[in-house]
Amino acid sequence: MNRLLAWLASFRLRVLLRTSFLFLAFVVLAMTVTVLQEEKQRSYDSYRAGLEKTKEQIVARLHHPAGQLALLNPRWDAGSAAQGRPLVLPFSGIDFDDQNKARNAFEMANCLIQYPDQGSLCVAIGNNPWAGGYLYLAGTFASGPLVPHQIGDEFLDGAHRLRVSVQVRDQRWQWIAPFELTGAPATAAGEGVRGRFTGYVELPGRDYTGARTQREFRGWVWQSGRCLKTAAGEGEDCPRKSFFSLRLPVETLRAAVLGSRNPAWPPADLDQYRVQLEVLPPGEGAPVFSNAQPGKAPPFALDALARLLAPGETLSIRRVAGEQETPVAQLAGREEDEELSSPLLTRLILRLPVDTLETPLVELEDEIVTPLGSYRLQLRGDARSVNKRLAAVATRLSWFIGAMLGAIAVAWLVIEAGLIRRIARLTRRTRGLSRSMQAEGGLERYEFADLRGRDELGLLASGLDDLLRRVREDAGRERIRAAQEKDMWHAVGHEIMSPLQSLLALHGDAADPSHRYISRMQQAVRVLYGSASPSEAFAGSQLEIAAVDLAGFIGHVAENAGVEGLGCSGVGQPVLVRADEFALEDVFAHLLRNAERYREPGTPILITLAVEAELARVTVSNQGPAIPAEMLERIFEYGVSDQAEAGAAGNRGQGLFVARTYMAKMGGTISARNSGDGVAFVLTLPCLPPAP
């Protein structure tokens with residue numbers, strides 16, 4: 001049976017090791033699957049939240065006037081901007097004669113097309129036909145100080161002027177509008193000017209004598225008094241920025257409004273309108289600004305919303321008119337290059353369960369209300385695209401997981417072949433070692449020559465061989481020494497007991513003090529007689545417990561101890577305790593011997609007795625050096641002494657060990673503590689109830 005258990009113990013190490021490696025590989029795979037599942041759950045939740053956020057961003061942009069402008073002009077693009085096609089504003093009309101209102105309206109709607117050199121232009125109509133069939137033009141340009149046209153001049157080319165042309169199919173309108181100063185001219189640097197553009201139908205020649213202004217043509221301009229930061233410096237002729245706003249009367253627009261009670265607005269032929277504007281300097285120079293010049297940057301359009309969409313997401317915008325819905329725009333997220341993914345990991349990720357997704361297809365809807373109708377937004381996303389991205393990431397990380405599993409397999413093979421098998425051979429050969437140590441014939445000889453080597457296990461086999469040889473030799477010597485020591489104790493005990501017995505016969509009277517001390521010597525010899533060691537002798541001794549008057553006992557000890565300067569207190573009343581008188585006298589003898597050895601010369605030793613809660617407490621105190629804190633408990637251990645030469649002087653560190661052993665056998669305690677000027681040993685014994 002023992003052999004079977006030993007064999008199972010040696011085999012258990014292999015099972016434990018192999019199970020540990022299998023468990024480690026399983027943990028790596030389980031951790032991978034768990035991380036993939038948690039990542040899939042987080043990715044699905046993030047996708048749904050991201051789609052909600054995308055919808056909110058789109059709705060917020062379309063609620064803004066710039067978004068309203070894009071909704072009202074879904075097919076407006078950079079090509080339309082190059083041709084000057086009008087936009088439908090998200091406002092019914094524009095206060096074109098108020099700079100702040102006009103600028104805020106156009107900038108808020110974001111319809112200004114930006115051109116190089118501080119130029120911009122917006123061509124638009126209002127979203128309410130009853131505000132009048134007008135074209136609104138607003139923008140900025142940079143030029144030197146505006147040169148005004150004086151009323152009464154026959155020629156207009158001596159001032160800054162606008163040339164505006166509008167063409168619808170075969171119809172064309174063209175105006176020339178010189179700048180007229182309406183306020184006082186600027187008198188100080190930094191002061192701007194305000195004026196208007198008065199429209200005339202453009203004539204072939206330069207002479208406009210008798211020409212009448214167009215009453216419905218209205219235009220205003222405000223030029224800043226501050227110079228632009230250009231290379232031209234900041235002189236009087238430095239370039240300045242001007243903002244202008246125009247209202248143009250166009251017959252076809254007015255006819256669309258006045259020709260029907262419920263005019264269709266915007267006009268169906270609005271895409272056919274082409275508007276061109278030029279800002280001409282005084283004289284015959286090149287235009288200061290023209291909307292036909294290259295480098296324009298068109299404003300926000302619905303196509304820009306596609307940048308908010310992730311791959312696989314689509315945005316559908318439809319105009320709602322009663323029960324009919326007209327498609328306005330269909331946008332899709334940008335396509336990304338598909339990353340390489342493992343089919344096995346893809347199938348694994350598809351099978352991983354998630355909690356919060358009812359269906360992989362996510363569809364969100366909202367509605368935008370504009371003055372020209374309502375628009376329904378439908379944002380669609382497919383959460384299954386998360387699986388593709390997650391599979392691509394997992395494929396990249398699979399190499400690391402494979403490397404970890406490979407490292408585990410290699411480590412197992414190395415340990416199995418290079419360590420476990422050799423340990424098993426060593427275990428089989430040393431299996432009977434414990435039985436050989438217990439046998440009477442001593443240790444058997446084991447050979448480990450074939451297991452020697454330079455590695456750790458070979459060194460272990462060599463060391464084990466040497467160790468067993470030395471243990472065998474030491475065990476033989478120890479048996480011889482123990483036998484000799486036991487014989488010596490028997491001889492010493494026998495030789496001491498004979499004269500003690502004779503002395504006891506000479507002092508047979510119990511009242512004789514010598515009788516008491518001879519009895520103590522006989523008890524000490526009996527305790528030590530035949531024991532393997534003194535510590536075992538004291539620990540295994542048997543005491544004769546009886547009722548003892550502790551107060552009278554202390555008085556007797558103080559009288560016969562032979563210690564100079566020994567005093568006692570608290571012994572006036574009897575205090576009964578259960579103790580062995582001989583053992584208790586040994587305890588006091590050891591304590592008084594230590595107190596006398598360590599006290600300051602000429603100082604007293606005091607024994608104090610006190611009764612506290614049915615517990616007799618005896619304190620033996622002396623004035624002298626304190627005991628180190630780490631030694632307060634160790635001094636009661638066998639063989640512990642604070643003097644290096646204690647053994648040579650006869651002090652084997654045995655007295656306090658004997659005192660604690662005897663006190664424990666009598667049901668008491670002993671402890672040491674440092675007082676203010678010395679050391680105190682405290683003994684406690686339970687009190688007996690007084691006799692009735």
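How many of the 692 residues of the protein count as buried? The share is 40%, where buried means under 20% relative accessible area, exposed over 50% and partly exposed in between, with a 1.4 Å probe and protein chains only. Please keep in mind that this is a predicted model, in which local features need pLDDT of at least 70 and side-chain atom pairs count only at pLDDT 80 or more, while totals for chains, interfaces and linings use all residues. Residues are numbered from 1 along each chain as its sequence is written, and side-chain values use heavy atoms, with hydrogens and water left out.

View 1. Helices (H or I, at least four residues) and strands (E, at least two) are DSSP runs, numbered from the N terminus. Of the contacts (heavy atoms within 4.5 Å) between residues at least 6 apart in sequence, 66% join residues at least 24 apart. Carbon and sulfur atoms hold 54% of the accessible surface, which comes to about 38900 Å² by the Shrake-Rupley method with a 1.4 Å probe, and for residues only the protein chains shown count as cover.

**View 2. An open sheet of 4 strands in the order β14-β13-β16-β15.** The pairing is antiparallel; two strands pair if DSSP finds at least two bridges between them. At the edges sit β14 (324-332) and β15 (361-370), each pairing on one side only. Neighbouring strands are turned by 20° against each other on average, direction ignored. Between β15 and β16 (residues 373-382) there are 10 bridges, and D366 has L377 in β16 as its bridge partner.

**View 3. Helix α2 across the sheet strands.** Here α2 (residues 65-72) lies across β13 (314-321), β15 and β16, and runs at about 95° to β15. Axes are lines fitted to C-alpha atoms, for helices over the stretch in contact, and angles run from 0 to 180 degrees between N-to-C directions.

**View 4. The crossing of helices α12 and α13.** The axes of α12 (residues 550-560) and α13 (residues 581-598) come within 11 Å and cross at roughly 50°. That makes α12 oblique to α13, since angles under 35 degrees count as roughly parallel, over 145 as roughly antiparallel, 65 to 115 as roughly perpendicular and the rest as oblique. L550, F553, I554 and V557 of α12 meet E581, L584, E585, F588 and L592 of α13.

**View 5. Helix α14 and its buried residues.** Within α14 (residues 655-665), the buried residues are L656, F657, V658, A659, T661, Y662 and M663. After α14 comes G667, with a positive phi near 80°.

How values were computed
Left-handed = near helix turned anticlockwise from the far one by under 90°.
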